[in-house]
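Please read it alongside the coordinates.

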Amino acid sequence: MNFPVVPLGKPRGERADAARNREQLLAAARAMIAEHGTRKVTMDALAERAGLGKGTVFRRFRTRAGIFRALLDEEERRFQERVLSGPPPLGPGADPAQRLIAYGRARIAFLLEHHAIARAALDRAQPIPVGEVAMTRPHIRMLLGLSGSRLPHPDTLAVQLTAALEGPLLLYLSMDEDAAPPAMEAAHPLAESWQTLIERVLQADLPPEDAVDG
């Protein structure tokens, strides 16, 4: 699920009335999704539900996909806060290997929980975005470095682990909108596979010359 890095905190320089309107619109959108799913959320319907003018909705989000991008940004901020300052092992204070495993498990749960919003946030007229995925790649790279493992290419490995973690959900997002959503129980095998992958990577702690000779 590929999205730009989300800066923590509220948008800078936002007027008080604009901030109130934003929170009112997002709250209304969340309520509509909880009641009817993402399909019922349109610019006009959101304006009516929030009790605000259509122009306010268009100025704030510009497109229907923009509504869902704003919702996803809020959830990404909360997720980042858990990683950066929450309790271990997801947050600071645990062994780096434990944190890598915990991050993957938490991220998989996050991706599955928010898959409908993420899909609706995509502009179907544009290709699926690629690039940085929230904080995943830099966070994995940092923890690999802290693990003390003698990995020959940690930067490349961080890219590959990011693809392994986020890739399956990205493939799902590229499917037709009417495709059945991934089952929530799928979080268990994905999480178990992630833990196995991290354990194998960090246990394969051989210097490059030994790996070649063996």
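1. Of the 214 residues of the protein chain, 42% count as buried. The model is a predicted one, and the points below should be read with that in mind.

2. The secondary structure consists of ten helices and zero strands. Read from the N terminus, the order of elements is α-α-α-α-α-α-α-α-α-α. Among contacts between residues at least 6 apart in sequence, 71% join residues at least 24 apart.

3. Helix α1 (residues 16–36) packs with α4 at an angle of about 95°, and the two axes are 10 Å apart. That angle makes α1 roughly perpendicular to α4, because values of 65 to 115 degrees fall in that class. On the α1 side, the contact is made by R22, L26, A29, R30 and I33. On the α4 side, the residues are I67, F68, A70, L71, E74, E75, R77 and R78. By type, the residues of this contact divide into seven nonpolar, no polar and six charged.

4. The structure holds two aromatic pairs. In one of them, the rings of F79 and F110 have centres 5.1 Å apart and planes at 45°, so the pair is tilted. The pair links distant parts of the chain: F79 lies in helix α4 (residues 64–85) and F110 in helix α5 (residues 96–113), 31 residues apart. Are these two residues, F79 and F110, buried or exposed? Both are buried, which means that each has under 20% relative accessible area.

5. Ring pairs join F79, Y103 and F110 into a cluster. A charged group is also found at F79: the charged end of R107 sits over the F79 ring, 5.1 Å from its centre.

6. Leaving aside residues up to four places away in sequence, R69 touches T63 and A121. The C-alpha atoms of R69 and I117 are separated by 7.9 Å, although the two residues are 48 apart along the chain.

Notes. Residues numbered from 1 in each chain as written. Predicted model: local features only at pLDDT ≥ 70, side-chain atom pairs only at ≥ 80, totals over all residues. Heavy atoms only, no water. Phe/Tyr/Trp six-rings, centres within 6.5 Å; stacked < 30°, edge-to-face > 60°. Helix = DSSP H or I, 4+ residues; strand = E, 2+ residues; numbered from the N terminus. Buried < 20%, exposed > 50% of the residue type's maximum accessible area, 1.4 Å probe, protein only. Lys NZ or Arg CZ within 6 Å of the ring centre and 35° of its normal. Axes fitted to C-alpha atoms, helices over the stretch in contact; angles between N-to-C directions. Parallel < 35°, antiparallel > 145°, perpendicular 65-115°, else oblique. Contact = heavy atoms within 4.5 Å. Nonpolar A, V, L, I, M, F, W, Y, C, P; charged D, E, K, R; others polar.
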